[in-house]
Amino acid sequence: MHNYYLQLNPGKTEIIVFGSPRILSALQINGVFISSSVCVRLVSTAKSLGFYLDSSLDMSAQIKKLKSTCFNKLRKIAKMKPFLAINQLQQLVQALVFSNLDYCNALYYGISTSSLNQLQSIQNRACAIILGRKRKEPKSHHIMKLHWLKVKER
């Protein structure tokens, strides 16, 4: 690396090992020494291009962060609801919330049903805010009315 004038930044460089929980529990590595003074640490969750990958690839860290971000944006949109028409609300939700929900959605392929349900709850809440429905009311008909695909179908 020194031949090409490159250096590792030990404060930002991380190593992640992917595997099943059984294999990861048997792993006894905390870090790797690159040189006598540089140690790169082993982490259980790494962020790459704005997407959080965890060592078991169950996407729990990404879904937790995504839910937090989207529900925060939905709360702010709900406060603006009295001043906006339904079309404007729908455009705001699609631009601010669904863009986050759709980002890297190919990586969600094959995740568990409970994880998909957590992602679907974001879309259900957005539908409830736009159409003024209650939280516990069934949303599938209303989602079709808004011409949205469910999370599982995206």
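What is the relative accessible area of Glu 14, and which side chain meets the side chain of Glu 14 in a salt bridge?

Modeller: This is a predicted model, in which local features need pLDDT of at least 70 and side-chain atom pairs count only at pLDDT 80 or more, whereas totals for chains, interfaces and linings use all residues. Residues are numbered from 1 along each chain as its sequence is written, and side-chain values use heavy atoms, with hydrogens and water left out.

Glu 14 has a relative accessible area of 36% and is partly exposed, a class that lies between buried (under 20%) and exposed (over 50%), with a 1.4 Å probe and protein chains only. Its side chain meets that of Arg 41 in a salt bridge, with 3.2 Å from N to O; the term requires a side-chain nitrogen of Lys or Arg within 4 Å of a carboxyl oxygen of Asp or Glu. Glu 14 lies in strand S1 (residues 14-16) and Arg 41 in strand S3 (residues 39-43), so the pair ties together parts that are 27 residues apart in sequence. Arg 41, at 35% relative accessibility, is also partly exposed, and a search of the whole structure finds 1 salt bridge.

As for the setting, the protein has 5 helices and 5 strands, where helices (H or I, at least four residues) and strands (E, at least two) are DSSP runs numbered from the N terminus. Read from that terminus, the order is β-α-β-β-β-β-α-α-α-α. The radius of gyration, taken over C-alpha atoms, is 21 Å, well over the 15 Å that the globule rule gives for 154 residues, so the protein is more spread out than a compact globule; that rule is 2.2 Å times the number of residues to the power 0.38. The C-alpha trace spans about 60 × 35 × 25 Å along its principal axes, and buried residues make up 27% of the 154 residues.

The largest nonpolar core has 26 residues, of which Val 93, Val 97, Leu 119, Ile 122 and Trp 148 touch the most other members; such a core is a set of buried Ala, Val, Leu, Ile, Met, Phe, Trp, Tyr and Cys residues joined through side-chain atoms within 4.5 Å. Helices H2 (60-80), H3 (86-102) and H4 (113-131) each supply at least two residues of this core, and its largest share, 8 residues, comes from H4. Beyond its neighbours within four places in sequence, Val 97 is in contact (heavy atoms within 4.5 Å) with Cys 70, Lys 73, Leu 74, Ile 77, Leu 92 and Ile 122.

Two loop residues deserve a careful look at the backbone. Most residues other than glycine have a negative phi. Leu 49, although not a glycine, has a positive phi of about 55°; Leu 49 is found in the loop between strand S4 (45-48) and strand S5 (51-54) and is exposed, at 72% relative accessibility. Met 59, likewise not a glycine, has a positive phi of about 65°, but Met 59 is in the loop between S5 and H2 and is buried, at 6% relative accessibility.
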